[in-house]
Amino acid sequence: MHDGGYPVSTTSLSDHIPDINLITYYAETRQTYFSRVSPWTKFSLLILIILLVTLTRNLFILVCLYGVVLAVYAGARLPVRKLFAWYALPVIFVISLAGIMAWNEPGNAIISFSIAGIPFVLTDNGIGMITILLLKALIVVTYSLFFLMTTRYQHFSAMIYCIFPTPIDQIFLMAYRFLFLTLAMASSILKSVRSRGGGLIHSIHTQGRLFAEIFALVFIRSFERSERVHKAMIARGFSGSYGTAAEIPKLRLSEYLFVFFCAAFVMAVALIPSIPGG
């Protein structure tokens with residue numbers, strides 16, 4: 001199915017929740033320059049981006065970084081409209097936390113009032129703090145989705161073997177596989193509820209017990225299915241470890257140089273006090 005030129009997954013729980021089936025579809029089928037870049041390059045840049053947004057509070061650096069990451073995401077021909085819909089979760093998460101801390105932050109007052117004699121003041125520094133935290137969250141979320149949607153699963157799984165020791169790598173890969181099954185199961189149950197007149201907002205107020213039973217049912221069925229799948233795997237010769245024959249594309253010279261340049265910039269921000277945000 002397609003919506004405005006974008007593929008639509010039949011197991012999507014919400015337009016505002018990243019759809020893992022759609023992410024995998026783009027990773028496996030989309031062929032762009034970024035799909036041919038070594039996964040090690042993209043993973044290294046992810047680590048550097050996380051370090052940079054952790055080390056700096058400079059608004060100019062963060063705005064520029066977000067613009068670059070968003071441009072790279074769009075340049076990979078990934079769904080920008082869906083990306084903005086998926087921003088709902090990180091935005092709500094940041095505002096729910098930073099929105100509380102922003103009040104009474106020292107600075108020039110913009111909004112002030114009192115409740116029961118307790119003053120509440122929202123300053124320019126408070127708004128700046130919310131803006132900075134939002135930018136940091138959106139930068140990491142955007143690049144993480146770019147990384148997942150431009151890296152084939154066989155390369156991603158091979159990287160897991162290289163990074164994590166046994167049995168953590170096996171647990172990670174099995175959990176990733178069962179995530180698809182659980183989401184598909186939850187989607188089918190929610191569709192059954194909606195077809196019978198139920199709805200998420202309506203049910204939160206009037207059918208809370210029903211939704212609690214739905215999630216309990218999903219958990220129980222997921223456990224039962226995992227037992228059946230494990231027995232089937234053993235019957236087919238599973239020895240307790242997945243094997244991988246995939247070879248991860250190596251970094252080219254230009255990629256080495258680019259990663260080195262980015263790492264040098266992050267180190268400069270962290271170590272040189274004269275750089276704003278360092």
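Which residues lie nearest the centre of the largest pocket?

## The largest pocket

In this predicted model, the residues nearest the centre of the largest pocket are Leu-45, Leu-65, Val-68, Phe-258 and Cys-262, which belong to a lining of 25 residues. The volume of this pocket comes to about 640 Å³.

The lining is made up by class of 21 nonpolar residues, together with two polar and two charged ones. At least two lining residues come from each of helix H2 (33-36), helix H3 (39-55), helix H4 (59-75), helix H7 (124-149) and helix H12 (253-271).

## Thr-142 in helix H7

Helix H7, one of the elements that supply the pocket lining, also contains Thr-142. Thr-142 has a relative accessible area of 0%, and it therefore counts as buried, since that class covers values under 20%.

When residues up to four places away in sequence are set aside, Thr-142 is in contact with Tyr-66, Val-69, Leu-70, Tyr-73, Leu-83 and Tyr-87.

## The protein as a whole

Twelve helices and four strands are found in the protein, and 35% of its 278 residues count as buried. Of the contacts between residues at least 6 apart in sequence, 69% join residues that are at least 24 apart.

The accessible surface of the protein amounts to about 16,400 Å², and carbon and sulfur atoms account for 69% of that area.

Note on methods. Residues are numbered from 1 along each chain as its sequence is written. This is a predicted model: local features need pLDDT of at least 70, side-chain atom pairs count only at pLDDT 80 or more; totals for chains, interfaces and linings use all residues. Side-chain values use heavy atoms; hydrogens and water are left out. On a 1 Å grid over the protein atoms alone, a cavity is a set of points where a 1.4 Å probe fits but cannot get out, and a pocket is an open set with protein on both sides within 12 Å along at least five of seven lines; lining residues have an atom within 4 Å of a point. Grid points are joined across faces, edges and corners, and a volume is the space filled by probe spheres set on the points. Ala, Val, Leu, Ile, Met, Phe, Trp, Tyr, Cys and Pro count as nonpolar, Asp, Glu, Lys and Arg as charged, and the others, Gly among them, as polar. Buried means under 20% relative accessible area, exposed over 50%, partly exposed in between (1.4 Å probe, protein chains only). Contact means heavy atoms within 4.5 Å. Accessible areas come from the Shrake-Rupley method with a 1.4 Å probe; for residues, only the protein chains shown count as cover.
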